[in-house]
Amino acid sequence: MKVYIIPSGWDRDLVIKTAFKSGADKICLISTKQKKGHSYSKSDKVTQEVNKFILQELSKFTKVEFLEVNYIDIKDIIIEINNYLKRNKDDNFTINLSTGSHLLSAALMFISFTKNIKLEYSLSEGHNKKIMALVEKGEGFHNGLSKIIEIPIINSKIKFTPKEKILINLLKENKKVGVKDFIKDVKGNNENRLRSEFHFLCKKLKDKGLVEIRNDGNLVKIVLTSFGEIIAEDL
């Protein structure tokens with residue numbers, strides 16, 4: 001089952017149109033837990049009301065369930081969403097981080113990188129003119145500073161074998177690589193060895209989220225993923 005994970009946030013139109021375009025079998029809508037006696041209590045209530053509206057609208061054309069997390073507790077966000085992923089481990093996930101709090105977006109990006117889950121961001125057609133007018137008059141979206149929260153980091157320095165580097169550099173040059181590009185003019189036993197080596201390397205790089213394996217007619221070819229393109233630049 002294709003499951004699309006997206007925060008409800010406050011952008012009703014953006015969430016609904018994104019969910020519709022995703023073509024997912026199920027939408028997992030992330031909303032905030034109500035915090036009592038906190039400076040964010042009022043905003044939590046607004047988020048939950050928006051969530052109810054989005055839930056009703058999305059339910060008209062697809063299956064929807066929602067997950068409550070603490071928008072300002074990154075540990076709670078990561079634990080709750082990881083538990084959801086475990087409960088639905090046989091599903092195919094996509095995460096969209098364009099709505100909700102910045103902290104929630106950071107947590108979703110962290111989860112996507114650690115779980116190798118497809119990550120998307122929806123661009124709106126523009127901004128609300130009323131909000132823009134307030135900003136132009138010197139108003140801000142937030143008031144003051146409560147505290148600074150540290151975000152977990154990921155050591156993205158991936159180690160490669162010499163043969164993996166050769167294949168990645170070949171991809172940087174040719175964009176798309178098949179087994180013939182890898183073995184070149186080698187024949188005999190060495191050809192069979194290199195064919196096996198190519199498929200082995202492809203699987204290793206795919207597991208790291210660096211390449212995507214595609215069928216090009218009757219041939220199997222690989223291309224760098226967006227993440228792979230970023231990492232390849234450092235080689």
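**Figure 1. Five strands form an open sheet in the order β3-β2-β1-β4-β5, with parallel pairing.** The edges belong to β3 (63-69) and β5 (118-120). Each edge strand has a single partner, so one of its sides is left without a neighbour in the sheet. Neighbouring strands are turned against each other by 25° on average, direction ignored. The model shown in this and every other view is predicted.

**Figure 2. Strand β1 (residues 2-7) runs parallel to strand β2 (residues 26-32).** Five bridges join the two strands.

**Figure 3. Strand β4 pairs with β1 and with β5.** How many bridges link β1 and β4? There are four, and the pairing is in the parallel sense. Within this pairing, tyrosine 4 stands opposite threonine 94 in β4. On the β5 side, three bridges join β4 to β5, again with the strands running parallel. Here asparagine 96 has glutamate 120 of β5 as its bridge partner. Is β4 largely enclosed or left open? Four of its five residues are buried, so β4 is largely enclosed by the rest of the structure. In a regular strand, side chains alternate between the two faces of the sheet.

**Figure 4. An open sheet of three strands has the order β6-β8-β7 and antiparallel pairing.** β6 (176-178) and β7 stand at the edges. With a single partner strand each, they have one side left without a neighbour in the sheet, which is why they count as edges. From one strand to the next, the twist averages 35°. Six bridges join β7 to β8, and these two strands run antiparallel. Among the residues of this pairing, arginine 214 has lysine 221 in β8 as its bridge partner.

**Figure 5. Glutamate 191 sits in helix α8 (residues 189-207).** Is this glutamate buried or exposed? Glutamate 191 has 17% relative accessibility and therefore counts as buried, the cut-off being under 20%. Which residues does glutamate 191 contact, leaving aside its neighbours within four places in sequence? They are Ile183 and Val186.

**Figure 6. The second largest pocket holds about 1,100 Å³ of space.** Its lining has 35 residues. Closest to the pocket centre are Ser112, Asn116, Ile117, Gly209 and Phe227. Several elements give two or more residues to the lining: β4, α4 (102-115), β5, α8, β7 (211-216), β8 (219-224) and α9 (226-232). Which element gives the most? Helix α4 does, with six residues.

**Figure 7. Cysteine 28 and cysteine 202 are both buried.** Cysteine 28 has 1% relative accessibility and so counts as buried. Cysteine 202 has 3% and so counts as buried too. How many disulfides does a search of the whole structure find? The search returns zero.

**Figure 8. Isoleucine 79 lies in helix α3.** Its relative accessibility is 40%, so isoleucine 79 counts as partly exposed. Along the chain, isoleucine 79 and leucine 205 are 126 residues apart. Their C-alpha atoms are separated by 27 Å.

Conventions. Residues are numbered from 1 along each chain as its sequence is written. This is a predicted model: local features need pLDDT of at least 70, side-chain atom pairs count only at pLDDT 80 or more; totals for chains, interfaces and linings use all residues. Side-chain values use heavy atoms; hydrogens and water are left out. Buried means under 20% relative accessible area, exposed over 50%, partly exposed in between (1.4 Å probe, protein chains only). Contact means heavy atoms within 4.5 Å. A disulfide is a pair of cysteine sulfur atoms within 2.5 Å. Two strands pair if DSSP finds at least two bridges between them. Axes are lines fitted to C-alpha atoms, for helices over the stretch in contact, and angles run from 0 to 180 degrees between N-to-C directions. On a 1 Å grid over the protein atoms alone, a cavity is a set of points where a 1.4 Å probe fits but cannot get out, and a pocket is an open set with protein on both sides within 12 Å along at least five of seven lines; lining residues have an atom within 4 Å of a point. Grid points are joined across faces, edges and corners, and a volume is the space filled by probe spheres set on the points.
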